[in-house]
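This report describes selected features of one protein model, with the cut-offs behind each term. The sequence and coordinates come first.

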Amino acid sequence: MARPSKSSPSSLTRVEERPGKGAQLALQRFALRVLKGANRGARASLESERLRIGRGRPNDLPLEDDLASRMHAELSVTPEGFRLLDLGSRNGTFLGTHRVFDAFVERGDRIRIGDTTIAFESVEGDLLLPLSAGTEFGRLVGRSVAMRRVIDVLERAAHTEATVLLHGETGTGKEEAARAIHRASPRARGPFEVLDCGSIPATLLAAELFGHERGAFTGAVETRRGAFERASGGTLLLDEIGELALDLQPQLLRVLERREVQRLGGGEVIPVDVRVLAATNRDLRRDVNAGRFRADLYFRLAVVEVTLPPLRERQADLQLLVTRIFDEVCERAGAHPPPPTSGEIERLSRHYWPGNVRELRNVVERSVLVGAGLDVPDVVAPPPPEHLASRAAIDARAALLPFREAKAEVVDRFERAYVEELLRRSDGNVSKAAREARMDRTHLIELLKKHGLSRPAV
């Protein structure tokens with residue numbers, strides 16, 4: 001990432017209790033104003049959790065710029081600053097003269113997209129987003145701000161017929177979220193079907209989705225209803241929707257719009273009454289820009305978008321999750337081992353959890369069944385930010401530098417990003433951060449000085 005914002009982090013995001021409204025997440029608002037380009041004078045301010053920029057609608061700041069991608073970039077508010085994220089755009093996002101992929105911006109910065117120049121402006125007031133008063137939704141549990149925000153959106157969406165697109169890394173609980181939506185919806189008495197688009201060969205997926213008549217293809221010895229028909233009256237979860245073949249995407253879009261299917265090899269049009277949910281661990285916006293996913297299908301699926309946070313970003317939920325999983329496993333196994341100790345929980349909090357809640361469940365289940373206490377995994381240091389090396393390698397400025405200077409720039413970026421993430425996960429404790437990275441504490445302090453990072457508490 002580029003430099004952190006000079007804005008006070010505590011002023012950017014905070015939780016407030018307001019009479020009659022309960023707990024709310026307050027985000028410092030900001031605005032974008034087009035200074036140069038076809039949309040000169042256009043302005044957009046933060047009205048939801050993210051402000052999206054791209055060519056045409058439904059972006060928050062739609063641009064009439066042929067050099068802009070359909071979904072080009074987005075800005076959001078984080079405790080660390082105002083974050084600008086390029087969404088895999090074709091021609092890049094520039095902050096000043098530098099191409100950026102993931103950066104923090106400040107008041108007065110100029111963002112360039114194609115032939116368009118945009119000013120970033122801070123504005124008075126907060127955007128208020130409700131937080132759930134509860135800590136559970138189906139089998140999802142969490143008391144962290146991130147999870148209470150997710151639970152609030154899921155609770156509201158459940159009572160509607162809106163299509164919901166669930167994002168999240170593997171193991172974050174996307175299918176559990178979908179099941180919870182179904183159970184809390186008016187369709188709870190109907191069927192809940194799951195179709196994994198990533199585990200079925202592309203040649204068979206159409207038949208699984210829409211059904212087939214006897215003799216429709218070799219091996220079709222009998223008529224079979226597809227997932228849409230089986231889920232009629234209830235809910236269909238299209239899991240790993242990002243793996244859906246490009247040639248099947250128009251067919252799925254037609255079903256979503258018309259609510260009717262036609263079996264392979266059949267001529268009858270069959271109406272279906274289905275609420276559709278979709279889940280993916282991919283960033284479909286990047287896939288749209290790369291031509292791997294249809295933009296119209298993405299917008300049809302993403303009526304409501306929810307991102308399940310990774311476990312490493314919801315440390316406040318660890319104790320609650322361990323206790324819940326431990327009690328469930330003990331009840332199912334009829335076992336009565338001693339409960340996890342505070343020391344074991346503390347060691348668990350130092351793990352990076354690449355497998356998220358699913359990995360945590362495996363660890364707790366193993367401890368109960370083996371009866372030897374929690375088998376705490378080895379501490380895993382955080383990996384460098386995604387695509388960091390490739391991002392630096394194709395940076396226009398780095399490509400023009402001599403090899404030695406370009407390499408030094410790549411290393412500097414890696415060091416800064418790594419140390420920033422390390423300190424964030426260690427709550428600013430330098431000694432703890434050094435232990436986690438298996439690095440000499442003195443060397444870590446030298447890196448802090450080198451990159452101009454304020455030295456936190458030790």
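The sections below cover the basis of the model, then a sheet, the nonpolar cores, aromatic pairs and salt bridges.

## Basis

This is a predicted model, in which local features need pLDDT of at least 70 and side-chain atom pairs count only at pLDDT 80 or more, whereas totals for chains, interfaces and linings use all residues. Residues are numbered from 1 along each chain as its sequence is written, and side-chain values use heavy atoms, with hydrogens and water left out.

## An open sheet

Five strands form an open sheet in the order β5-β4-β6-β7-β10, with mixed pairing; strands here are DSSP runs of E with at least two residues, helices are runs of H or I with at least four, and both are numbered from the N terminus. Two strands count as paired if DSSP finds at least two bridges between them. The edge strands, each pairing on one side only, are β5 (61-63) and β10 (102-105), and the twist averages 20° from one strand to the next, with axes taken as lines fitted to C-alpha atoms and angles running from 0 to 180 degrees between N-to-C directions.

Strand β4 (residues 50-55) runs parallel to β5 and is joined to it by three bridges. Gly54 has Pro62 in β5 as its bridge partner.

## Nonpolar cores

The largest nonpolar core has 37 residues, and those with the most contacts inside it are Phe228, Leu238, Ile241 and Leu244. A core of this kind is a set of buried Ala, Val, Leu, Ile, Met, Phe, Trp, Tyr and Cys residues joined through side-chain atoms within 4.5 Å, where buried means under 20% relative accessible area, exposed over 50% and partly exposed in between, with a 1.4 Å probe and protein chains only. Among the elements that each supply at least two residues of this core are α4 (202-210), β17 (235-239), α6 (249-258) and β20 (275-280).

Leaving aside residues up to four places away in sequence, Ile241 touches several residues, including Leu165, Cys197, Leu252, Phe293 and Leu301; contact means heavy atoms within 4.5 Å. Another core, of 30 residues, lies apart from the largest one and includes Leu61, Leu63, Phe82 and Leu127.

## Aromatic pairs

The structure holds six aromatic pairs, counted where ring centres of Phe, Tyr and Trp (its six-membered ring) lie within 6.5 Å, with planes under 30 degrees apart called stacked, over 60 edge-to-face and the rest tilted. Phe30 and Phe82 form an edge-to-face pair, 5.6 Å centre to centre with 75° between the planes. Phe30 lies in strand β2 (residues 22-36) and Phe82 in strand β7 (residues 81-86), so the pair ties together parts that are 52 residues apart in sequence. Phe30 is buried at 0% relative accessible area, and Phe82 is buried at 3%. Ring pairs also link Phe30, Phe82 and Phe120 into a cluster.

## Salt bridges

The count comes to 34 salt bridges, each being a side-chain nitrogen of Lys or Arg within 4 Å of a carboxyl oxygen of Asp or Glu. Arg43 forms one with Glu121, the closest N and O atoms being 3.8 Å apart; this pair links distant parts of the chain, with Arg43 in strand β3 (residues 43-45) and Glu121 in strand β12 (residues 116-130), 78 residues apart. Arg43 is partly exposed, at 48% relative accessible area, whereas Glu121 is buried, at 19%.

Arg286 and Asp283 form another salt bridge, with closest N and O atoms 3.5 Å apart, and both residues belong to a network of salt bridges that also links Arg50, Arg52, Glu74, Arg285 and Glu305.
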